[in-house]
Amino acid sequence: MTAIVLRTQLSGVLRRPGRLLMTGLSVLVAAFVVFGTVLAYAIVSRTTLDTFSATPEAVSVVAYTTGGAPLDPEQVAAIRTTAGVAEVAGRVTATFTVGDASAGSDLDLLADPGTGPLSRITLVSGAYPAAARQIAVDRRAAGRLGVTVGGTLRLNTPNRAGKPVTVTVTGIVDGPRDSAERAWAPDQMVAALSGEPGFPRVDVLAGPGADIPAMINGMSERLLRDPTAYVSVTTGDSMRVREARAAVQQFDQLFALVAMFVAIAVVAAALVATSTFRIVFAQRMRQLALLRAIGAQRNQLVVALAVEGAVVGLVTGTVGVLLAQAAGFAAPALAAMFGRTVSAPGVPVGAAVAVVLGAGLLTAGAVLAPAFAAAGVSPLQALRSASTLAAERGITVPRLVGGLLLVAVTGGIAWLTVRSMGSSEALLYLVGTGAFGFGALILLGPVLIRPILAVAGWPLRRFGPAGRLAVSGIGGTPRRAAAVSVVVALGVTMLAGTVVGISSLQLWTDRTMASRTPADLAMFAEGRGGLDDVVARLRADSRFRDVTPFRMADFSSTDGGFSHGAIAVDLTAMPMLRTLEASAGQVTALGPGKVVLSATAASDLGAGVGEVVTLRSDGTVRAEVVAILTGDGPLRMGAVLTPADLDALGGASPGVLADIATGGRDEALAAFRGAGAPAGTEVAVLADARDKADGEVSSLFAAAVGLLGLTVLIAAVGVGTTTGLSVLERTQEFGLARALGLTRARLRLMIGMEAGLYGLIGAVLGILLGVPMAWLALESLRLDLPMTLPAGRLAAIALVTATITVLAGLLPARRAARVSPVAALAAD
Amino acid sequence: MSAVTATDLVKIYGTGPGAVRALDGVSATFDRGRFTAIMGASGSGKSTFMHCLAGLDTVTSGTVTIGDTELTGLTDRALTGVRRDRIGFVFQAFNLLPALTARQNITLPAELAGRAVDQDLFDHVIDVLGIGDRLGHRPSELSGGQQQRVALARALSTRPDVIFADEPTGNLDSRSGTEVLGFLRDSVHRLGQTVVMVTHDPNAAGYADRVLVLADGRIVEDTTR
Ligand SMILES: Nc1ncnc2c1ncn2[C@@H]1O[C@H](COP(=O)(O)OP(=O)(O)O)[C@@H](O)[C@H]1O
Ligand SMILES: [Mg+2]
């Protein structure tokens, strides 16, 4: 009997392969995404293993320390004198600050022999450093720092105690790039400049015909004599493999994150599949009722429908996997077109089979709930007419109770989340809140449709009859609308949460940047001499605006326990300075005998607003605290004083801040440098640091939105299939509407709007759930980020989601518009 | 002047040897304020005739004129407008949009045309048909007879040039059927409507002023009472 039932169902499926594809489309996309991720991982790791290495090909042996002290000069000498060693090169990176110690730009100084097989750089112009206090810079650093061959730079060592060193730039080189500006010098000179005589790593070039294993043994014996040394010796080849592995490992974390997003997309696909099958089974209600009438048992129907689901899942899963594999094979050719070399992914058969089986299982599981519902059909339904079947009531009482219960549970866990603020359980509770909240949304969805429709559908009603028809069409089938919208909501919840989180991060970055990089350009003079001429000249130059002089000095607490910088600057002179926020007091209250403190300085001094603090340097200043900032002071200073008070502190050096008004940054930089500053003056491009921070936030944003876009894509597929299936089912309805005078264009518009409404309702639900979740996360994870409500971005999400779903509905809408009005009269 | 005129209508379904000549040169005029029944055996071409008269389907040759508008050659858009503004429909089954309430279904044509509903006419029609207490319900909550009455109300409330009804009683029990036929006749005699009704039921045809009988796509009998 089951077999016969199954055959009647499957024969229907086979007669209409298009419908099979439609019901399984979400599964197809999910399988494609999952297997595509597997292949992308394979491509990335193979490419990395094939091409990545930071160790030159010629290096035959590498000695390095893992943690602990670097290899000291004696150990390096021991390596150099080992039999068979032709050449050694120490590898170390020292970071300096150019310009002001706290506000200048960073410069990484790397050790490199400059020539020969162990070198990683090529000389562009000038000569490679050959004496103390000489460096070569890469082209980017040369441009940014404004040095040419023969010029000098003042380097501040990272530990502030060290005196600044002035070095001569002897050459410009090309070498491996990084985000920071880079300079290069032979290992001994780097060591001399940084004051650290050892190297964490030494590359060794073997002489011709040298016995590498013997060399390694020899080295190990001499280096490991000291049992406390954490020294390892290995071949260049194994080092290269290790570096490649490490690079791949960094992708492991990335892919673990991607896998999380893919998992959410798979959940979305399962939800879409459930909703699609519910519609398909509803359309077969009369046939199923007939089967029940002639004696098919409920469980027989359930089994038959579940098997049908599994078959759909297996078929569409296979198609998805094959498509992904084809795309994987095409990747190297595609990359080659863009001048990139990418390795082919291979054919991971095991993973492919797993994905296909998973798709089958997932779909069979997704089909269960609709299968039970469909099998519960009363045999009497066979005798009812189609229009009665289209009726849909609200939700059942158990469902309502279950939904309300989940709301209560969600609230409880949210409360727990707030209570466990900052602890490690907070994250767990947070995930729980999200999961239960979403469960509640699934159960209560149909009840929420009408109220949301009343608000979200309001603008559509003004679109005339097509809009009103669309709104009532959705309102008339709240369960179907809820099933689709909830999937959209899943994607939008994640998106909205991410957008809120990233907006908070952005606000935080902006605030930090307001203090760290208050201007585009900064100039720091070395001596006491004033920069009045420079200020006047810059003010006269139309390329600059907000030209603001400042002076700064150091101070310490009475017991000398810590040291901060103090600055005297007009806090109203620059736009960025005006954005500085106080957590207590008023920044504008600054005046003689008053001080504004940074958050850290205030806590170091243990002072609150209204109290009087003593700042000590060459002189002593007592001042009343009028405000405490949310973060650092301008240029990361601890205190802001009036010029007179700063002078009383003593030892102040002047500087100028300016924003670029017109023209390019490099051009402005050159003019800034040429403004006639005294010798020893340093210039910093603060705008670079700000751009870098902004760039990091926006690439984070782009990556998160891109990954979450997957879920929205699957939701759009859901909307498309739902609309498509509804259109098939509503042929008579559309025919009738056409007979009564609805034009083709309006019918298309109406169906498009219905699809858009699914998206809009989902977006509203998603934002309602996602924003509080994000706030809860910011609060409970103690990220110290401000809470934001990025209304513009959230509105954009809603709009884009609605647009995408309208597009998804367009294809079925076109088909529906072709329905002849005579279809209304066709007795079914 | 006549409400509807058909001249030499030919309708051929399909091509080649499988082609069916559903209408084979039918000419007829339907006067204003008359109730005409079209009868005939199943497959004689009644529905096809009505579809062509109402601009629901295109004809192979011949012309159809409603009032002074010739339907043949009109664009889909214009044809849709004619149906909306000048024709009322009552079908055998599936007359109402399931998502709309009875009231919304009745006012749908006015809404589609962007016209205000004629409230007096609406109230009168509702009153005559006795569906005042069902206006807030959706079709699935109405009986078959009530659904047909709502459809009738929709057809009447635009004051169309002509109402076409295709087997309007086919799905109803005899009492509801009698009621609906009574309403149709009253709308002709009291409101001056023009009604063309397709039926294969001689009892139903008995309500009409004139009966056309089709056989194999031709008019074989034309009786006026
Ligand atoms: N869409 C169609 N395609 C092909 N043949 C059709 C179609 N509609 C009707 N016919 C044929 O045209 C003839 C007249 O049909 P119809 O007008 O529906 O008859 P009636 O309504 O009198 O029962 C029949 O032979 C029928 O088979
Ligand atoms: Mg017929």
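1. The side chain of B:Ser47 places an N or O atom 2.7 Å from an oxygen atom of ligand 1. B:Thr48 has a polar side-chain atom 2.5 Å from an oxygen atom of the ligand, and for B:Gly43 a polar backbone atom is 2.8 Å from a ligand oxygen. Of the 560 Å² that ligand 1 exposes when taken alone, the protein buries 58% (accessible areas come from the Shrake-Rupley method with a 1.4 Å probe; for residues, only the protein chains shown count as cover).

2. Basis of the values. This is a predicted model, in which local features need pLDDT of at least 70 and side-chain atom pairs count only at pLDDT 80 or more, while totals for chains, interfaces and linings use all residues. Residues are numbered from 1 along each chain as its sequence is written, chains are lettered from A and ligands numbered from 1 in the order in which they are written, and side-chain values use heavy atoms, with hydrogens and water left out.

3. The shell around ligand 1. The residues surrounding the ligand include B:Tyr13, B:Val20, B:Ala22 and B:Lys46 (a residue is near a molecule if one of its heavy atoms lies within 4 Å of it). By class, the shell divides into 4 nonpolar, 6 polar and 1 charged (Ala, Val, Leu, Ile, Met, Phe, Trp, Tyr, Cys and Pro count as nonpolar, Asp, Glu, Lys and Arg as charged, and the others, Gly among them, as polar). β2 (20–31) and α1 of chain B each supply at least two residues, and α1(B) gives the most, with 3 residues (helices, H or I, of at least four residues and strands, E, of at least two are DSSP runs, numbered from the N terminus).

4. The interface of chains A and B. Chain B brings 28 residues to the contact and chain A brings 29 residues (contact means heavy atoms within 4.5 Å). About 2,600 Å² is buried between the two chains, with 66% of it from carbon and sulfur atoms (the accessible area, 1.4 Å probe, that two parts lose on being put together, summed over both). There are 3 residue pairs in polar contact, both at pLDDT 80 or more (a pair of N or O atoms within 3.5 Å; within protein, one must be able to donate a hydrogen and the other to accept it, and residues adjacent in sequence count only if both atoms are side-chain atoms). On the side of chain B that touches chain A, α2(B) gives the largest share, 5 residues.
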